[in-house]
Amino acid sequence: MNLDEYRRAARAWLRENVPSEDRPEGDPLTRAKEFMAKLHDAGYSGITWPKEWGGQGLTQAEERAFAAEARDYVLPTYVFSIGLGMTGPTILDRGTDRQRERFLRPLLRGEEIWCQLFSEPGAGSDVAALQTRAVRDVDHWIVNGQKVWTSVAHHADWGLLLARTDVEVPKHKGLTMFVVDMRHPGVTVRPLKDMSGRSNFNEIFFDNVPIPDEHRVGEVNDGWSVAVTTLLHERLSISAGVGMGGQKDDPASLEALRQVVDTDDPLVRDELVELHIRRRALALFNQRLAQETRAGIFPGARGSAAKLLLAELTLFQADLATRLVGPEAVLGDHPLAQTISVAPGLSLGGGTNEIMRNIVGDRVLGLPPEPRVDKTVPFKDLKVGTQE
């Protein structure tokens, strides 16, 4: 099948199978899982992932073609976004064949949901300051601690957990990555409600939770390098909207704003053109980074630039919506209210804008670095925040 045929087939499949936004039926989570299974069976889940692990084994060209056709739809795949964009690619890159065989196909089919367990009350942007401990017990590890701001954890079957396994070494060198069963006794998930009234993220407590050593991802005390892989995928997936649906999923987009503002006003048109240019520039930048990644060229710190651009774009959209529409944009069920309320969160999640600027300035632009903590100091001697 050539690319034109592939795109026509994808267009027809989406038209026939994407659930209606106007008449949702049944439980949303059940609908999402059913849709992911259909998406995979039709050949549109894991398009570029290897066939042996449940993917389609196709190229970036097919993935771009499908994304272009999906742009005008809201795909019910948000709950799988962490797995598709972050944890799944990490296991694909750094996991064992046994882990790939066990976890990737169920993820791509929507049979299992994943979350990412990095941030803690005293370790947000400075993830390496985390204090959740994993202690070896023969062929298992016993985990105690707390994580917070964990998206979709209240739905998750599995989590990618970064824990401290050695306190006698500098903080970045004493971490190990694990896959943890979120349904295991001792794992407590408490949803947190944000200003939009929704509970998309959670705090999680681990009380003597055992993890088999075969669920360790990477070497003992080499978790930071695995985490860097995850963070790279996270920033790329956030900026590209992996698992979030098409462009229509953004109610503050150009199309939505055009329906509620005076497009005959030349100043308004200028603002909408600016929004369109920013969105298009980010899309092209993401496309370039994705092509390089598939070619084996890691974008490195430019992934942080992409995430920063998305956060700034979202804040610009929210500001534009309030300026053009007025106070009513944040009232009741107005289609722009949700975007305005969640926009500040994107400047925090996945690394704050300030941290992203520091990374870009240091590693892309080569600006003089700020004074840093002495990395030769063992973690146990560092002054870090205490858990709540």
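1. The chain exposes about 19200 Å², and carbon and sulfur atoms supply 51% of that area. The model is a predicted one. Of the 388 residues in the chain, 47% are buried. The secondary structure comprises 11 helices and eight strands. Among contacts with a separation of 6 or more, 72% are between residues 24 or more positions apart.

2. Nonpolar side chains tend to be buried together in soluble globular proteins. Here the largest nonpolar core has 64 residues, and Phe 66, Met 182 and Phe 206 have the most contacts inside it. Apart from this core lies another, of 10 residues, which include Val 261, Ala 318, Ala 321 and Leu 336. Beyond its neighbours within four places in sequence, Phe 206 is in contact with residues including Leu 117, Val 143, Leu 161, Val 180 and Val 187. The contacts of Phe 206 also include Asn 144 and Lys 147.

3. Helix H2 (28-41) has 14 residues and reaches 20 Å from its first C-alpha to its last, close to the 20 Å expected. At its N-terminal end the cap is Asp 27, with a side-chain oxygen 3.3 Å from the backbone nitrogen of Leu 29. After the helix comes Gly 43, with a positive phi near 95°. Ala 32, Phe 35, Met 36, Ala 37, Leu 39 and His 40 are the buried residues of H2, and they pack against helix H1 (3-17), H3, H4 and H5.

4. Helix H5 covers residues 97-108, and its 12 residues reach 16 Å, close to the 16 Å expected. Its buried residues are Gln 99, Arg 100, Phe 103, Leu 104, Pro 106, Leu 107 and Leu 108. These pack against H2 and helix H4 (81-94), and also against strands E1, E4, E5 and E8. Gly 110, which follows H5, has a positive phi near 80°.

5. Ser 45 lies in the loop between H2 and helix H3 (60-70). Is Ser 45 buried or exposed? At 3% relative accessibility it falls under the 20% limit, so Ser 45 counts as buried. Its side chain reaches the backbone oxygen of Leu 108 at 2.8 Å, and Leu 108 is one of the buried residues of H5. Not counting residues up to four places away in sequence, Ser 45 also touches Met 36, Leu 39 and His 40, as well as Gly 54, Gly 55 and Gln 56.

6. Thr 90 lies in helix H4 and counts as buried, at 0% relative accessibility. Residues up to four places away aside, Thr 90 touches Gly 95, Leu 160, Val 226, Thr 229, Thr 230 and His 233. Thr 314 lies in helix H9 (residues 302-325) and is buried, with a relative accessible area of 9%. The side chain of Thr 314 reaches the backbone oxygen of Leu 310 at 2.8 Å. Neighbours within four places aside, Thr 314 is in contact with Ala 343 and Leu 346. H9 itself has 24 residues and reaches 34 Å, close to the 34 Å expected; just after it, Gly 326 takes a positive phi of about 95°.

7. A search of the whole structure finds 17 salt bridges. One of them joins Arg 100 and Asp 97, with the closest N and O atoms 2.6 Å apart. The two are three residues apart in H5, so about one helical turn separates them. Arg 100 is buried, at 13% relative accessible area, whereas Asp 97 is partly exposed, at 47%.

8. Glu 214 is partly exposed, at 45%, and Arg 98 is exposed, at 59%.

9. Asp 157 and Arg 183 also meet in a salt bridge, at 3.4 Å from N to O. The pair links the loop between strand E3 (140-151) and E4 to the loop between E5 and strand E6 (187-192), 26 residues apart. Asp 157 is buried, with a relative accessible area of 16%. Shared partners join the salt bridges of Arg 7, Arg 11 and Glu 69 into one network.

Conventions: Residues numbered from 1 in each chain as written. Predicted model: local features only at pLDDT ≥ 70, side-chain atom pairs only at ≥ 80, totals over all residues. Heavy atoms only, no water. Helix = DSSP H or I, 4+ residues; strand = E, 2+ residues; numbered from the N terminus. Buried < 20%, exposed > 50% of the residue type's maximum accessible area, 1.4 Å probe, protein only. Contact = heavy atoms within 4.5 Å. Polar contact = N/O pair within 3.5 Å; in protein donor to acceptor, adjacent residues only side chain to side chain. Expected span 1.5 Å × (residues − 1). Areas by Shrake-Rupley, 256 points an atom, 1.4 Å probe, with all protein chains shown as cover. Core = buried A, V, L, I, M, F, W, Y, C linked by side-chain atoms within 4.5 Å. Salt bridge = Lys/Arg side-chain N within 4 Å of Asp/Glu carboxyl O.
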